[in-house]
Amino acid sequence: MTTAAQHPVRYVDVQHAPQRHGRATEHGATQPDAGQQQTVRSEAGQQPAGGQPHDPTAPGQDPDAASLRLAYREVGDPAAPVLLLLHALGESSLSWDPLLGDLAALGYRALAPDARGHGDSDRPGQYAYELMAADTLAFCAALGVTDVSGLAVVGHSMGAVTAAIVTSALNTTAPSADAGTTASAPGPVTRLVLEDATPTRPGGPQFEPFDEPDHPVPFDWPLVNALRAQRSDPDPAWWDDALRITAPVLVVAGGPTSNVDQADLTDFTAGVAHGKLVEIRVGHMVHDEAPDEFLAVVTDFLRR
């Protein structure tokens with residue numbers, strides 16, 4: 001979606017603790033458990049790092065940790081409950097920008113980060129859904145999203161997969177006895193909205209790699225095929241763990257013109273404890289193509 005930004009971009013540095021127990025994949029990345037403790041350092045308002053990873057030897061950095069600068073947009077009372085919005089592949093927080101004011105007006109602190117490799121966030125060269133989930137938890141910790149009453153999450157496409165992994169991590173992990181870990185972790189997800197996507201389940205289609213385009217794109221191209229490879233061979237836990245989510249889940253389907261298998265959306269909605277499926281027949285980019293209808297459906301869901 002191309003639109004003039006209504007809300008400024010901010011920046012925060014997040015720092016992942018060294019990963020010791022990640023699941024190695026054939027895609028070249030180590031996939032950490034999304035619920036691991038994160039060490040974070042917030043520096044909102046600084047200039048972007050030009051798409052380059054931070055120097056881990058800089059003052060204040062743990063040389064054994066992976067540091068990442070994430071861009072984000074924020075609207076609403078900082079003391080209000082958090083509504084986290086995760087964008088689709090190839091998009092950025094700009095795609096949520098037109099809706100942030102209306103969503104914040106519902107009584108939320110609306111936060112929309114640019115995922116790694118997207119928008120104004122760093123482009124570290126390593127991409128996996130589990131890394132994006134870990135980034136999301138580190139982002140929440142850096143911005144003080146630690147209210148034990150929890151938060152609401154909305155995810156579109158790639159962001160929906162990340163949102164489900166994050167929800168599974170937050171809602172199924174028992175509180176740690178380590179006070180430092182507990183203090184930096186958000187509470188459980190109380191409402192989850194998945195826009196025209198669910199976690200990929202095994203046995204689905206194979207996604208062949210795309211050729212790199214001969215023109216500039218507003219994201220780090222290698223992430224496309226890294227994530228397509230994961231979708232071709234997904235971790236079975238993505239689907240299985242997500243089906244154990246007991247918080248209310250709204251699935252917004254784009255209908256028959258979407259490039260997403262709508263049967264997956266139907267099956268997922270039926271499989272979770274408190275699922276609701278709403279169809280808005282505009283294709284995959286629901287909140288772009290039908291923002292008023294999308295906003296009305298989500299507003300009704302969040303207010304219940």
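Me: Where is Ser-157 placed?
Reply: Ser-157 is in the loop between strand E8 and helix H3 (158-172). Helices and strands are DSSP runs numbered from the N terminus, a helix (H or I) having at least four residues and a strand (E) at least two. This is a predicted model, in which local features need pLDDT of at least 70 and side-chain atom pairs count only at pLDDT 80 or more, whereas totals for chains, interfaces and linings use all residues. Residues are numbered from 1 along each chain as its sequence is written, and side-chain values use heavy atoms, with hydrogens and water left out.

Me: Why is Ser-157 called buried?
Reply: Buried means under 20% relative accessible area, exposed over 50%, and partly exposed in between (1.4 Å probe, protein chains only). Ser-157 has a relative accessible area of 18%, so the residue counts as buried. Its phi is near 55°, a positive value in a residue other than glycine.

Me: What makes Asp-196 count as buried, and where does it lie?
Reply: The relative accessibility of Asp-196 is 0%, and therefore the residue counts as buried. Asp-196 is placed in the loop between E9 and helix H5 (222-232). Although Asp-196 is not a glycine, its phi is positive, at about 50°.

Me: Why is strand E9 described as mostly covered?
Reply: Six of the seven residues of E9 (residues 189-195) are buried.

Me: What makes E6 a strand covered on both faces?
Reply: Val-82, Leu-84 and Leu-86 are buried on one side of E6, and Leu-83 and Leu-85 are buried on the other.

Me: Why are the buried residues of helix H1 said to be on the same side?
Reply: In H1 (residues 97-104), the buried residues are Asp-97, Leu-99, Leu-100, Leu-103 and Ala-104. They cover an arc of only 140° around the axis, which puts them on the same side of H1. That arc is taken from the directions from the helix axis to the C-beta atoms. The buried residues of H1 pack against strands E5 (66-75), E6 (82-86) and E7 (109-113), and against helices H8 (286-289) and H9 (291-303).

Me: What makes His-87 buried, and which residues does it touch?
Reply: His-87, in the loop between E6 and H1, has a relative accessible area of 2% and is therefore buried. A contact means heavy atoms within 4.5 Å. Not counting residues up to four places away in sequence, His-87 touches several residues, among them Trp-96, Asp-114, His-118, His-156 and Met-158.

Me: How many residues line the largest pocket, and which lie nearest its centre?
Reply: The largest pocket is lined by 28 residues, of which Ser-157, Phe-207, Arg-231, Asn-259 and Val-260 lie nearest its centre. On a 1 Å grid over the protein atoms alone, a pocket is an open set with protein on both sides within 12 Å along at least five of seven lines, a cavity is a set of points where a 1.4 Å probe fits but cannot get out, and lining residues have an atom within 4 Å of a point. The space in the largest pocket is about 760 Å³, and H5 gives the most to its lining, with four residues.

Me: What is the volume of the largest cavity, and which residues lie nearest its centre?
Reply: About 140 Å³ of space lies in the largest cavity, where a volume is the space filled by probe spheres set on grid points joined across faces, edges and corners. Its lining has 14 residues, of which Leu-86, Pro-113, Ala-115, Met-132 and Thr-136 lie nearest the centre. Helix H2 (129-142) and H3 are the elements that give two or more residues to this lining.
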